[in-house]
Amino acid sequence: MENQPLDELQIEMIELRHVRMRLKAPFRTSFGIEHDRDCIIIRTHAAGIDGWGECVAGEFPGYSYETVGTAWSILSEFFNPAVLAGSLREPGDLATLLKAYKGHPLARAGLEMSIWDLIGKQQARSLRALLGGEKDRISVGVSIGIQPTIAEMIQRVGEYLELGYSRIKIKIGPGNDLPVVAAVRQAFPEILLQVDANAAYSIEDADRLGKLDAFQLQLVEQPFAEDDLLDHARYQASITTPVCLDESIGNRRHARQALEIDACRVINIKPGRVGGLTEAVAIHDLCLKAGVPVWCGGMLETGIGRAANLALASLPGFTMHSDISASARYYPQDIASPLFELNPDSTINVPQGEGLGVEVDMDALDGFTIRREIFSA
Ligand code: OSB
Ligand code: MG
């Protein structure tokens, strides 16, 4: 990161909003089903500028132990007061201000994102430039939830291919795995296809999961528990398809150790899961050095979080398709503009404006806000 040295930045105000947005279609994974997507939109204010961030914790602790409720509590009780009492020169300084506190990466990352946006606007630089990104357009795919029937899964895959997505990820789980994958592969023999189990299996399932090797998948994402690097290494040793870790990689140390024991050959980087963009870039750098490809995962973000993901994915090591689909894939109405659209070559443009490079639509945001609180120094 090549940030110009900054003046001390004193955050004067932090606003939290619990936002609930109806998804176009329910999203089902091995850990549950979401009809609405809940998140916390964070606004930090300093020197006349607003910075926006999105905390990707959801309504229930299915993907992560964090929820909107725990993130709200940690932010209001600890993180916000620490930020309001301190000062920063760059977004990475947030880690210093919060050094006394353990965990809660999703809450941390949302707050950090708002500070990146604020500092970008203050310096009149895009987030892409602040992060050291290079690409203008990001290759993207779509992540499809578990469907009620195999026929419907094949239909969904066909629809997204028709829309121009050139990489498909399907969610799998016990009871929704080999026959679905086999049928999708048979229907679409040539497509870039990958699967994501969201930690639904254990090592006892390794024989069954070994059969995934027959379907020319790009990768198998997170078959086992978050805290189970060792069994991922055993599984990786038994198949030729790359294992990709999502939930297991919470920071750069996890990434280094996972690569060291060959627990995975690809890493999905999500800024939320790793506590923010600073850590996300560090994991990217480590993987780039090790020659391990990465891609940017998604958490069904609004236009705010999506803008940050695109900026991150512009770094050179993001060589695989990212889970960053067009705005229209997720919501009937978004809270930021412009909307992100899919180019015919299955890419999405990286925002070039200052900070995140998106404008928050206050009327839309107000309409989706179900709780709001302001914290000041
Ligand atoms: O595991 O990648 C995941 C969504 C919510 C929680 C976990 C995951 C996902 C996705 C969606 O796969 C990706 C997207 O935002 O399009
Ligand atoms: Mg995943």
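Mentor: Let us begin with residue classes: Ala, Val, Leu, Ile, Met, Phe, Trp, Tyr, Cys and Pro count as nonpolar, Asp, Glu, Lys and Arg as charged, and the others, Gly among them, as polar. By that rule the lining of the largest pocket divides into nine nonpolar, eleven polar and eleven charged residues. This is a predicted model, in which local features need pLDDT of at least 70 and side-chain atom pairs count only at pLDDT 80 or more, while totals for chains, interfaces and linings use all residues. Residues are numbered from 1 along each chain as its sequence is written, chains are lettered from A and ligands numbered from 1 in the order in which they are written, and side-chain values use heavy atoms, with hydrogens and water left out.

Trainee: What makes a space a pocket, and which residues lie nearest the centre of the largest pocket?

Mentor: On a 1 Å grid over the protein atoms alone, a pocket is an open set of points where a 1.4 Å probe fits, with protein on both sides within 12 Å along at least five of seven lines, and lining residues have an atom within 4 Å of a point. The largest pocket is lined by 31 residues, with P105, G250, N251, V274 and G275 nearest its centre. Its volume, the space filled by probe spheres set on the points, is about 780 Å³.

Trainee: How is the protein chain divided into domains?

Mentor: The bounds come from an automatic or database domain assignment, which gives domain 1 (13-124 + 360-376) and domain 2 (130-349). The lining of the largest pocket draws at least three residues from each of these domains. Their centres, taken over C-alpha atoms, are separated by 23 Å, and the contact (heavy atoms within 4.5 Å) takes 34 residues from domain 1 and 41 residues from domain 2.

Trainee: What is the area buried between domain 1 and domain 2?

Mentor: Buried area is the accessible area (1.4 Å probe) that two parts lose on being put together, summed over both; here it is about 3,100 Å², of which carbon and sulfur atoms give 68%.

Trainee: Why is helix α11 called largely enclosed?

Mentor: A helix is a DSSP run (H or I, at least four residues), numbered from the N terminus, and buried means under 20% relative accessible area (1.4 Å probe, protein chains only). Eleven of the eleven residues of α11 (residues 303-313) are buried, so this helix is largely enclosed by the rest of the structure. Among them are G303, R306, N309 and A313.

Notes
Buried < 20%, exposed > 50% of the residue type's maximum accessible area, 1.4 Å probe, protein only. Helix = DSSP H or I, 4+ residues; strand = E, 2+ residues; numbered from the N terminus.
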